[in-house]
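Have the model open as you read.

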Amino acid sequence: MGGVAIQTNELGKRYLLGLNQRGYGTLRESLVKAGRRHFGGGAKTAESEASSLWALRDLSMTVNSGEVVGLIGHNGAGKSTLLKVLSRVTEPSAGWAEVTGRVGSLLEVGTGFHPELTGRENVFLNGAILGMRRAEIRARFDEIVEFAEIERFLDTPVKRYSSGMAVRLAFAVAAYLEPEILLVDEVLAVGDAAFQRKSLGKMGEVAQEGRTVIFVSHNLAIIQALCQRGILLERGEVVVDAPIGEAIGSYLRTLERAASDDLLQRTDRDSRAYDDTLVRRLEIHEEGGDSANVILSGRPATIIVDLTEELPRMECQLTIANSLGQAVTGFDSRVSSPEDVHDGELGPRIECELASLPLLPGRYRIDVIVRAKGQIQDGLQAAAFFDVEPGVIAGRPAGADGADGDVILPHRWRLP
Amino acid sequence: MSVQAPETVRLRPTSGFGRVLSPRDLWRYRDLASQIALRDITVRYRQTFLGAAWAVLQPIGFMVVFSLFFGSLAGISSDGLPYPLFSLAALVPWTFFSNALLLGSDSLVSNSALVSKIYFPRIFMPFGVVVAGFVDIAISFVILIAIVLFWGYSPSWGILLVPILVAIAALAALGVGAALSALNVRYRDVKYVVPFGIQMWLFASPVAYPSSLIGEPWRLVSAINPMVGVIEGFRWATLGSGDAPLDLMGISALSAIVLLLVGLAYFDRAERGFADFV
């Protein structure tokens with residue numbers, strides 16, 4: 001193949017904030033504003049300049065055809081915006097990008113599917129949305145259906161599909177679109193393990209056929225497995241463009257730096273959040289231990305989430321992930337237990353007590369989502385990092401045998 | 001697979017016109033237009049309890065109400081025709097037009113998930129709605145002709161012009177519907193204004209009354225509303241009444257083309273911002 005597939009030059013994308021939180025206004029507001037402008041005069045340009053946000057800034061990069069590139073970065077770093085510009089969903093505000101070849105996007109579950117239509121009808125609709133000709137879809141129809149494993153449900157409306165089936169079908173249509181450039185945004189995280197493996201295999205195939213792939217995912221393990229090159233974005237700019245291992249290393253360092261900062265300074269918060277209360281600090285303490293965020297394997301521990309406000313009906317969801325961002329285990333207070341305690345004296349703080357932390361030695365991080373009043377109030381990935389030191393589980397040194405995985409369970413052997 | 005070398009597209013900030021009407025894109029995505037129309041038709045007829053009957057019930061229901069209130073009680077002239085026939089011949093194209101406007105104005109917002117995730121010529125959304133409406137009007141037209149014949153009237157040679165009349169209504173609906181759908185993306189209260197506007201438009205069109213009630217020269221001026229020519233044309237074509245209103249039809253056709261061009265121009269200008277607002 002050879003040649004350049006994607007080239008961007010000082011690409012910028014500016015979003016106008018203001019009007020209101022939702023991003024769109026009402027006709028009435030605009031008419032009133034227009035009236036004021038005509039009859040009342042006043043400063044209008046200063047206002048519009050202040051309420052804009054550059055999601056991408058001076059972004060220059062070149063991707064050769066056949067390269068498989070992972071885009072990594074915090075929430076709000078501009079990964080999705082870059083994909084939107086490259087797929088022509090939105091226009092850049094500055095600079096330019098040149099894209100050579102047909103671009104296909106792997107869509108989130110259900111986008112482009114109509115629930116009332118059957119699987120068969122949706123394949124044609126979705127294919128057309130992705131820019132395929134009818135004849136092309138017909139030629140690949142059997143392969144698509146076979147890959148998605150939905151033969152028996154072809155004439156069932158998609159609304160009766162399980163989410164796994166819908167994902168498989170969506171993936172299959174996009175994978176067989178055979179675009180020169182494939183953009184994948186956080187899709188492989190769904191579906192069951194077997195299908196994930198299969199779609200990863202398909203992705204690998206796509207990459208080997210000399211097509212260009214750009215991946216966005218928070219799952220660094222997938223990115224590491226599939227990509228040769230990593231581009232780390234921060235506040236809309238390229239900060240690292242290097243072989244994937246190096247780029248992931250830099251990203252992990254920025255994550256740790258961010259975690260050690262005051263969490264209120266972080267700007268990469270969950271975009272769905274209502275922000276009535278914010279996570280101020282998150283720590284994990286070993287029972288009787290001296291320092292935060294260092295734990296011995298197998299010891300009891302408490303995760304403490306300090307918040308800015310106490311609100312009614314607080315809920316907390318914690319995810320422990322390994323250094324590649326793969327979830328190891330999680331805790332969710334929405335699933336209640338009779339042993340849960342409500343303590344009026346606690347104040348704006350949530351604690352999660354673990355009878356034992358059965359993790360193998362290594363570095364882990366904690367992601368947090370806080371809900372109150374039934375809404376997500378705040379969410380942070382990598383709110384804290386902690387180190388697990390070799391300890392003893394059920395009388396056995398943890399990790400001494402160089403075991404695989406992240407978890408060690410208390411166990412006992414019976415030997416002859 | 002395709003043999004030709006992949007083309008390079010340069011993406012940069014644009015201004016002015018020419019994005020949505022880029023002939024190359026419209027041609028490349030031509031299958032999408034029919035797929036979206038097909039989706040709109042399938043969904044409309046599959047999920048509703050009444051299915052295809054819905055296309056007929058709406059104009060017939062209005063015919064009954066109009067005949068009672070305007071025909072019998074108010075005694076509005078119907079150019080010497082039975083009032084139910086007189087109003088049904090108008091309600092068939094009117095229902096097509098008003099549904100296309102109503103659904104068309106919502107077509108981008110209700111597909112916001114697609115619009116914000118993937119590129120395709122967005123004009124296909126309001127376009128698909130109008131095309132899907134052809135099925136409705138085909139069904140209700142057959143019923144209209146059946147009722148006309150049953151009543152002992154017969155269509156004139158003008159029935160051959162019905163496709164042109166439907167096309168005039170479709171062009172006007174596409175122009176206005178596209179503009180409203182674009183406006184709806186920016187301003188969510190448009191959704192509440194549209195049904196009201198459609199009702200006003202209904203009474204501004206000679207559905208319940210004949211345009212002969214309007215004195216010259218205003219009768220001709222009123223044909224700037226494209227539905228005036230369409231409705232009077234429909235009456236003449238299906239009921240065989242009076243002379244061919246070719247003057248009204250001509251003015252309305254021109255007006256529909258102007259509405260289409262203006263609507264598409266606005267849609268084109270607004271289109272670059274859809275993904276950021278929807």
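Let's begin with one residue: does A:I366 count as buried or exposed, and why? Keep in mind throughout that this is a predicted model.

1. **A:I366.** This residue counts as buried, because it has 25 C-beta neighbours inside 10 Å, and the cut-off for buried is 20 or more. Look for it in strand β16 of chain A, which covers residues 362–372.

2. **What surrounds it.** Leaving out residues up to four places away in sequence, A:I366 touches A:L282, A:I284, A:I303, A:L318, A:I320, A:A383 and A:A384. Take A:L318 from that list: 48 residues separate it from A:I366 in sequence, yet their C-alpha atoms are 6.6 Å apart in space.

3. Now move to the open sheet of 4 strands, which runs β2(A)-β1(A)-β4(A)-β1(B) with antiparallel pairing. Its edges are β2 (52–64) of chain A and β1 (8–11) of chain B, each of which pairs on one side only. On average, neighbouring strands here are turned by 20° against each other, ignoring direction.

4. **Where the chains join in that sheet.** Strand β4 of chain A (residues 94–100) pairs with β1(B) in the antiparallel sense, over 4 bridges.

5. Helix α3 of chain A (residues 79–86) lies across β1 (4–16), β2 and β4 of chain A, along with β1 of chain B. Its angle to β2(A) is about 65°.

6. **A bent helix.** Which residue marks the bend in helix α5 of chain A? It's A:R140, where the helix (residues 134–148) bends by about 55°. Just past the end of α5(A), have a look at A:E149, which takes a positive phi of about 60°.

7. **A helix pair in chain B.** Finally, find α4 (residues 83–106) and α7 (residues 162–186) of chain B, whose axes come within 7 Å and cross at roughly 25°. That angle is under 35 degrees, so α4(B) is roughly parallel to α7(B). The crossing is right-handed. Residues making the contact include B:F96, B:F97, B:A100 and B:L101 from α4(B), and B:L165, B:A169, B:A173 and B:V176 from α7(B).

Key:
Residues numbered from 1 in each chain as written. Chains lettered and ligands numbered in written order. Predicted model: local features only at pLDDT ≥ 70, side-chain atom pairs only at ≥ 80, totals over all residues. Pairing = 2+ DSSP bridges. Helix = DSSP H or I, 4+ residues; strand = E, 2+ residues; numbered from the N terminus. Axes fitted to C-alpha atoms, helices over the stretch in contact; angles between N-to-C directions. Contact = placed C-beta atoms within 7 Å. Bend = angle between axes of the 7 residues up to and from the residue. Buried ≥ 20, exposed ≤ 12 C-beta atoms within 10 Å, placed from the backbone. Parallel < 35°, antiparallel > 145°, perpendicular 65-115°, else oblique. Left-handed = near helix turned anticlockwise from the far one by under 90°.
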